[in-house]
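Dear colleague,

I am passing on the structure below, followed by notes on what was found in it. Please read the notes with the coordinates open beside you.

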2 protein chains.
Amino acid sequence: MAANLFYAQSGGVTAVINATACGVIQAAREQGGRIGKVFAGRNGILGALHEDLIDTSFESDAAIAALRHTPGGAFGSCRYKLKGLDESRAHYERLIDVFRAHDIRYFLYNGGNDSMDTAWKVSQIAERLNYPLVCVGVPKTVDNDLVGTDNCPGFGSVAKYVAVSMMEAGLDVASMARTSTKIFVMEVMGRHAGWITAAAGLAARNAGDAPHLLLFPEIPFDQAAFMARVDACVREHQFCAIAVSEGLRGPDGKLLAESGTRDAFGHAQLGGVGQQVAELIKAQLGHKYHWALPDYLQRSGRHIASATDAAQAHALGRRAVELALEGRNAVMPAIVRTADSPYQWEIGVAQLADVANHEKMMPRDFISDDGFGITDACRRYLQPLIAGEDYPPYVDGLPAYVSLKNESVAAVLPAFGG
Amino acid sequence: MAANLFYAQSGGVTAVINATACGVIQAAREQGGRIGKVFAGRNGILGALHEDLIDTSFESDAAIAALRHTPGGAFGSCRYKLKGLDESRAHYERLIDVFRAHDIRYFLYNGGNDSMDTAWKVSQIAERLNYPLVCVGVPKTVDNDLVGTDNCPGFGSVAKYVAVSMMEAGLDVASMARTSTKIFVMEVMGRHAGWITAAAGLAARNAGDAPHLLLFPEIPFDQAAFMARVDACVREHQFCAIAVSEGLRGPDGKLLAESGTRDAFGHAQLGGVGQQVAELIKAQLGHKYHWALPDYLQRSGRHIASATDAAQAHALGRRAVELALEGRNAVMPAIVRTADSPYQWEIGVAQLADVANHEKMMPRDFISDDGFGITDACRRYLQPLIAGEDYPPYVDGLPAYVSLKNESVAAVLPAFGG
């Protein structure tokens, strides 16, 4: 009987993480019996720790195919970081116990930096315990901050979402600026790296197009310079559209969202950094504003997914299974860009040891000298990642997203107290 | 020489108001010379008052066709309400002066309640002044609150946007609820009427689907009942997704967004009603929340427009021109529903006098008895309005929205001081 494969989703879900799951399960089903079953962790790695496994063999081929166009995490994900090997030794050993109990010899972990670290550590503990396990990390993060890959699945679709949304809202505000809103601020995700903020900049293709200013987490907020730019922009274009990262920091290095969130009593103030920036403009320049906080809408917006992103997410899932069967332990399939225009990519292999615990920031030469825009080099990098549309099917006006049965595998071990 | 037609956009723009403009201009161009030029008001009715007219004859047929899939207001809109005929007599007379100076005999005003009132008053003043003018109102409002028409162009696309967004964000939150966000609140437009809030409810098709609770502007906020429902929902489904109208009111009739926006110093607090509701839940039940404020994204989201909505917006523009040529003064082409399923509609004619200054609220039987959901009757009404997709063309990953030349017509009158 062929050994089983365990797949888990980790961290914040994306519009295309299920496309990776789809690739994993489809590839495993096509292996002619070389892989037994694909078990998924219910709520990610917690499913392994608590022996709460989902048997994906109950899902039809059609349901698995529909995962390719379904956002969210079909098996549940979690925010749960395993610590160091010694510190969390019981947890790592428990994972191996569960894998052993269910004859799991392949571990595919679909996540970001932390998850690559976990997958790497699991591979080490398996070796120490002499348990035959192939650990493959599969990249996923809307933050696009994984090293070892040209880009991360999930990012391209958020990038497309924010660029399209900014373009559309910009047209709206431009129409009304004469008598109504002159300032529009959209707060986007990306607490440490400004990739999503940069993507909003793609919406501006001609002089005067929204967005006019970007506020990156990498560039300390220079309020005076910013206000001067907003003022000039409104004078020239009658309005000013701004994308701001949730991770914008002041010159003191503190998050604006935190520094501005207490009133005189120490009570938390509501509103995000987007509204703070808008309020500052109103206070100093007197302009009426609107602000938008797409929040989860941006990372779950499968209806406007990038075709490039969906294809890469799917292909990486498939490749991860091949790597597992090849016995390539402690690796991660990665996107390798071979040409910018026309864009070409292939799948390479990165070592988990090189990927774990690093964070890829925006190169400084992707941000304009003044700190408020993106450069041509940045556009060349980002452009292909939002290319192509990949619409889900619709029924009665709404996307036909799939819900899986998610049948549990019977537990055989004692409950885990960790 | 055939007389000219003046078209103006009014109030908040929508994803499909330009589809109406497209219909107007295409129909006028096809009239074989029965209409001279189509002039558009730059920034709506202000363009007429200030004799700031756009000559649409400079735009190519291709550019006009592209208006059908371009959001925002292509000629600019404005928030500017003319007052009563006596109070604002100089303004009304100025309009007639401008129309006379440019041989404009057809006035098409594309807007909501206020605009229908203005178009009606303009028809009255023209009659008094013995100026031959045919005034036709063309419906548009995301609020869906115009009487005399089954639904309003602009609404179906916002409805589709909020339903799709809620469905997607709901899948995201459901995936993560075990260890992360348990409460998701999306604040939607619709200050007086709960149509957009109701539309979010379309996302829930099976038991447990998001959204679980809706907060309508028509139903005073019952905090205790709401908290009990949120608590039960989290216990049953591990998470709770809520759509709340920006116009939610407390039992005292005051807008929650206003009552909660002052701190002890009288300073305005940031955050919208969406965040207020989320904070209340956090304070009382202790759950982590996320909230989203799509703001203008929802009304400009042409990328996810309803095909029904786009088709109706376009058809109403065409019909308005026909009505004008038929000399049907002080009327509005309107959507008449002839069947729910399969949905069928045709264009009827309403009298501006009947439409002006009325507001169509949600019928009470569209809201469930407990006040937190929609009924089957509501679904039957809403369902067809979000049906069908009508994607814009894309270039390099972004929608190919058109920018017009918007060439000015030379002014011939003295400046207007009003």
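In strand β8 of chain A, A243(A) is the residue that stands opposite L214(A). The two strands concerned, β7(A) and β8(A) (residues 240–245), pair in the parallel sense over three bridges, where pairing requires that DSSP finds at least two bridges between two strands. Helices (H or I, at least four residues) and strands (E, at least two) are DSSP runs, numbered from the N terminus.

Before going further, please bear in mind that this is a predicted model, in which local features need pLDDT of at least 70 and side-chain atom pairs count only at pLDDT 80 or more, while totals for chains, interfaces and linings use all residues. Residues are numbered from 1 along each chain as its sequence is written, and chains are lettered from A and ligands numbered from 1 in the order in which they are written.

The pair belongs to an open sheet of four strands in chain A, with the order β7-β8-β6-β9 and parallel pairing. At its edges lie β7 (213–215) and β9 (289–292) of chain A, each of which pairs on one side only. From one strand to the next, the twist averages 20°. Helix α6 of chain A (residues 155–176) packs on this sheet and touches β6 (183–188), β8 and β9 of chain A, its direction making about 165° with that of β6(A); axes are lines fitted to C-alpha atoms, for helices over the stretch in contact, and angles run from 0 to 180 degrees between N-to-C directions.

Two helices of chain A also meet each other: the axes of α8(A) (residues 223–237) and α10(A) come within 11 Å and cross at roughly 70°. That angle makes α8(A) roughly perpendicular to α10(A), given that angles under 35 degrees count as roughly parallel, over 145 as roughly antiparallel, 65 to 115 as roughly perpendicular and the rest as oblique. M227(A), V230(A) and D231(A) of α8(A) make the contact with I281(A), Q284(A) and L285(A) of α10(A), contact meaning that the C-beta atoms of two residues, placed from the backbone, lie within 7 Å. By class, the residues of this contact are four nonpolar, one polar and one charged (Ala, Val, Leu, Ile, Met, Phe, Trp, Tyr, Cys and Pro count as nonpolar, Asp, Glu, Lys and Arg as charged, and the others, Gly among them, as polar).

As for the two chains, 64 residues from chain A and 64 residues from chain B take part in their contact. On the side of chain A that touches chain B, at least two residues each come from α6, α10 (273–285), β9, α11 (296–300) and β13 (398–399) of chain A, and α6(A) gives the most, with 13 residues. That side of chain A divides into 32 nonpolar, 20 polar and 12 charged residues. Because 100% of the interface residues of chain A are also interface residues in chain B, the copies meet through the same surface.

Chain A is superposed on chain B by a rotation of 180° with 0.0 Å of shift along its axis (RMSD 0.0 Å), which is the relation of a two-fold axis. The superposition is by least squares on the C-alpha atoms of residues with pLDDT of at least 70 in both copies.

With best wishes
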